[in-house]
Amino acid sequence: DEDRALLDTLGFEIEEEEAHGADPVLAIVGRPNVGKSTLVNRILGRREAVVEDVPGVTRDRVSYRAEWNGKDFTLVDTGGWDSDSKGMASRIAIQSEVAVDMADTVVLVVDATTGPTATDEMVVKMLRKKKKPVILAANKVDDERGELMAAELWGLGLGQPWSVSALHGRGVADLLDEAISVLPEVSEVETRIEEGGPRRVALVGRPNVGKSSLLNKLVGSERVLVDNVAGTTRDPVDELIELGGKQWRFVDTAGIRRRAHQASGADFYAALRTQTALERAEVAVVLLEAQEPLSEQDVRIVTTAAEAGRAIVLAFNKWDLLDEERRYYLEREIERDLAHVAWAPRVNISAKTGRHAEKLVPAMETALENWDKRIPTGRLNAFLGELVAANPHPVRGGKQPRILFGTQVQSRPPKFVLFTSGFLEPGYRRFIIRRLRETFGFEGTPIEVSMRIRE
Ligand code: GDP
Ligand code: GDP
């Protein structure tokens, strides 16, 4: 309250960031080739379409930040699998279901020019069970002539078909207006971080890095409880594992233990699993293969965990296979590709031999402690005062922006707002972040610093 009074006198308004929940989630589902990617690109306002004609091409980015009429939401895309692989229909149903479980509202895309197929019917059946609002998009209605075909989709029993042309944009605005009016203000999906109880860990990493091997090693002969999380329908089964005298909840281990589909679409599925596990976790243990070059996919998973705002521990697995030469290159690769998460603790382990697996626990504890950390406003401002006195912002065009006041508006992960009298250069902001980390010790957690500039 004192902070607030001070801000009032300085003429700032501070948003109630903590009260603000997660953005509502809109999922786009449907069988391949109905135009989901085209619609996603249209909604995101992208010029270059990600639409691929190459079969088997997978995209592993599955959720995007989107905005329509001033309302922010998260868009979940479910495209990206090969349309003529075996067992495809059931896989589509499963993938759609995962997306629907993550979503507040669903857009089912159907190709109006071909009419509903058996696969469409299967997805519709699944959607009925979910009891979530569904908006039916009758796509590829490029002109008036298509309207009649769109009307036939009333037969799916999902209410009014909204005829659109994802390709040309026709009808998309109306569809989005409808979606926005149905979406809640903040997400009501129960996948968010729960308070209390054992700390929640997501074990993530690309296929074959050794996730299930590590899980088995950690479980060992310890007492294991498998329990179904209330309110979720499919699979996210967690395992409670006792490590270092404490219980830890490893989330969605069913997704790890289920043998990965070898067919195409597996990468996509793995990415989706990673995202849902991250949503529910507090700390991510990202598994990487020490003896293999870091891949783009590895880096992407690390980045996704950081962007999701999770505490992070990097675990370099298969250390038993490492030789001196590889060790040298590994250090270089880490410096080059993982510089943006240089703050994450690293442990070198072997899931196979059990080497140093016990070191995961103190690393997770440190990361979580810092993730939870709150810097008292007084201490923060004393720090800022000293920092600015010793290293003032460079003068630019006769002006020198000043930091008037700073406060930590959130933890888990820590977020700071600096109230300033002008725009702080990116270089200066990076400097502040570096000093914040050095001074307060944020090992293992992402932190965010934003500015509010006084008019
Ligand atoms: P997805 O597999 O459901 O993501 O489908 P895509 O977005 O990849 O689209 C499949 C094909 O349908 C592509 O060749 C698109 O150009 C085409 N397509 C998508 N939307 C429309 C549309 O509104 N009208 C027409 N005529 N073609 C479309
Ligand atoms: P996941 O797909 O990430 O769950 O990976 P798995 O646990 O199935 O492991 C993939 C392969 O790597 C298996 O053949 C494991 O035996 C092997 N593996 C896992 N951890 C290690 C390790 O620390 N050292 C060695 N040499 N092999 C490992």
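Colleague: How do the residues of the shell around ligand 1 divide into nonpolar, polar and charged?

Modeller: Ala, Val, Leu, Ile, Met, Phe, Trp, Tyr, Cys and Pro count as nonpolar, Asp, Glu, Lys and Arg as charged, and the others, Gly among them, as polar. Here the shell around ligand 1 holds five nonpolar, eight polar and three charged residues. This is a predicted model: local features need pLDDT of at least 70, side-chain atom pairs count only at pLDDT 80 or more, and totals for chains, interfaces and linings use all residues. Residues are numbered from 1 along each chain as its sequence is written, while chains are lettered from A and ligands numbered from 1 in the order in which they are written.

Colleague: Which residues come nearest to ligand 1?

Modeller: A residue is near a molecule if its C-beta atom, placed from the backbone, lies within 6 Å of it. Of 16 such residues around ligand 1, Gly 35, Lys 36, Ser 37, Thr 38 and Leu 167 come nearest. Helix H2 (residues 36-44) gives the largest share of this shell, three residues. Helices (H or I, at least four residues) and strands (E, at least two) are DSSP runs, numbered from the N terminus.

Colleague: And which are the closest to ligand 2?

Modeller: Gly 210, Lys 211, Ser 212, Ser 213 and Lys 352, out of 16 surrounding residues. Here helix H7 (residues 211-219) provides the largest share, three residues. The shell divides into five nonpolar, seven polar and four charged.

Colleague: Is Arg 31 buried or exposed?

Modeller: A residue is buried if 20 or more other C-beta atoms, placed from the backbone, lie within 10 Å of its own, exposed if 12 or fewer, and partly exposed in between. Arg 31 counts as buried because it has 24 C-beta neighbours inside 10 Å. Its place is the loop between strand S1 (25-29) and H2. Of the 455 residues of the chain, 38% count as buried.

Colleague: Why does Asn 208 count as partly exposed?

Modeller: Because Asn 208 has 13 C-beta neighbours inside 10 Å. Asn 208 sits in the loop between strand S7 (199-204) and H7. Its phi is positive, about 75 degrees, although Asn 208 is not a glycine.

Colleague: How many bridges join strand S15 to strand S16?

Modeller: Two strands pair if DSSP finds at least two bridges between them. Six bridges join S15 (residues 415-420) to S16 (residues 448-453), and the strands run parallel. The chain crosses from S15 to S16 through helix H14 (residues 426-440), and this β-α-β crossover is right-handed. Right-handed means that, with the strands pointing away from the viewer, the path from the first strand over the helix to the second runs clockwise.
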